[in-house]
Amino acid sequence: SGYLCVICVLLSTNPFLSLFIFNPYFEIYMKKFIFLLLLCLCVPGYSVAQSNVSLVDTVTCQRPLLHISRGVETHMNMLFNTGLVADISQNGFIQMTARMNYLKWELKGKIDDDFSFHFRQSLTKSALSATTDKAVLSVDYANLSWMVNRKFSLTFGKQLLCLGGYEFWMSGYKVKEFSLFNDYMNNYGTGFTAQLRLNDCRSLSFQVVNSKTGDDDETFCYGRPEGIEASKIPLLATVNYERFSPSREWQLRYSFSLGQQAAHHGMFYFTSGHVLRRNALLAYLDINFSYEGIDHKGLVSQTPVIIDRTPVTARHAYYFSTIFNVDYRFSPHWNVFLKGIYEQGGVASRNAYYMRGTYFHEWQAQLCAEFYPKPKLDLKFYLLTQCRQRYINHRVIENNADNWNCQRLVCGVVYAIPVF
């Protein structure tokens, strides 16, 4: 695992990955890669169902499945997060607002011992239909899982991406403020996943989903750059490896993803999560890297580079993120966590008016106290303070963009409700 971390750090400063991503034969490589994944689906294995985690599967209050007909069992959950948010910048107080951060409902169950289903919708997202998979953008899950045998399963439909970071896949009940890396990417895709278990402590997953939900004007902040043709195979293929210790005290999870965004322009993701659980302590370290032929997150493209020029989406963009978090549940009613994040974004090869180099460095710190009035309920009140500091690299930015910092104070409540 140490070698993978070193590789990720090297990739964040190495522009030569573009020699592969922008190779004229990239589309051929993509087809071969996806073909190999399809062959892997024929290998027997065991279902881990890591893309079907329920809103309340990782918390305390769970109820047995409700029998609604012969062989069919189901349960419904709801989750909401609301709070009072105050923002302050280096120029002074900005505003204070009450927000509904998210409101979600889900239906999860099984038809029999071989088939299960999972549906979830967010009521705080857009209700418009996506142009690629035709599903409403607010739908997170809409999938059917088939346990082919005790050692092999398939999942079809819209599902969570099989990425490796712990912040990415943990329940939304526990995360208050995400990193930029996870906050500015598509977390769900329509496709299929094969899941297998190598032994009691190791599992392997293969996934192929759409690399985008809408057309290029919706996907990229300033649209697809001129002169670049649209992709004929807009897919994202992922290999995910997960390992537990026999005592389940620590967990490692790594994933590699390769996808196409446009003709001869693709993206590469390496994400990793390292988790330690011991009694009341939970700690994790995520190391993530992405190389995007066309800036998908848009953070580099939206950095003010040149004034009085028509903005265009950057190409050859890369992002690197390190996330460290420590939770300590020192009593049944109280939990505290400290979270630190370092992120950077830049351009690996000059294009349009974007010069090669790192464009920004951002540091973020979060401190949160959580109060559980009744430990047997998934209800908690929290007070969170967040500090962010961004440094602009003026050697690659022609205008005099300023460094900035901001602080956020949030007082809120989260409730995960098992309806039935």
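Predicted model: local features only at pLDDT ≥ 70, side-chain atom pairs only at ≥ 80, totals over all residues.
## Getting oriented

Helices (H or I, at least four residues) and strands (E, at least two) are DSSP runs, numbered from the N terminus.

Residues are numbered from 1 along each chain as its sequence is written, and side-chain values use heavy atoms, with hydrogens and water left out.

His264 is not a glycine, yet its phi is positive, at about 65 degrees. Its relative accessible area of 34% makes His264 partly exposed; on this scale, buried means under 20%, exposed over 50%, and partly exposed in between (1.4 Å probe, protein chains only).

A second case is Asn279, in the loop between S11 and S12. Here too the residue is other than glycine and phi is positive, near 55 degrees. Asn279 has 84% relative accessibility, so it counts as exposed.

## Salt bridges across the chain

Side chains of opposite charge can pair when their charged atoms come close. A salt bridge is counted when a side-chain nitrogen of Lys or Arg is within 4 Å of a carboxyl oxygen of Asp or Glu, and this rule gives 16 salt bridges. One of them joins Asp87 and Arg99, whose closest N and O atoms are 3.5 Å apart. This pair links distant parts of the chain, 12 residues apart: Asp87 belongs to strand S2 (residues 72–89) and Arg99 to strand S3 (residues 92–110). Asp87 is buried, at 10% relative accessible area, whereas Arg99 is partly exposed, at 27%.

Arg120 and Asp140 make another salt bridge, with N to O at 3.3 Å. Their positions are 20 residues apart, with Arg120 in strand S4 (residues 115–122) and Asp140 in strand S5 (residues 139–149). Arg120 and Asp140 are buried.

Glu370 and Lys176 pair as well, their closest N and O atoms lying 2.5 Å apart. Glu370 is in strand S15 (residues 357–371) and Lys176 in the loop between helix H4 (166–169) and helix H5 (180–183), so this bridge ties together parts 194 residues apart in sequence. Glu370 and Lys176 are both buried. Shared partners also build a network of salt bridges that joins Asp87, Arg99, Glu177 and Arg408.

## A buried residue: Ile294

Ile294 belongs to strand S12 (residues 281–294). With 0% relative accessibility, Ile294 counts as buried. Beyond its neighbours within four places in sequence, Ile294 has contacts that include Phe220, Ile228, His265 and Thr313, where contact means heavy atoms within 4.5 Å. The C-alpha atoms of Ile294 and Gly223 are 9.6 Å apart, although 71 residues separate them along the chain.

## A nonpolar patch on the surface

Which residues form a nonpolar patch on the surface? They are Leu84, Ile88, Phe93 and Met96, with about 400 Å² of accessible area together. Such areas come from the Shrake-Rupley method with a 1.4 Å probe, and for residues only the protein chains shown count as cover. Patches are made of residues with over 30% relative accessible area and no salt bridge, like charges being joined within 9 Å and nonpolar side chains (Val, Leu, Ile, Met, Phe, Trp, Tyr) within 5 Å.

Leu84 is located in strand S2. At 42% relative accessibility, Leu84 is partly exposed.
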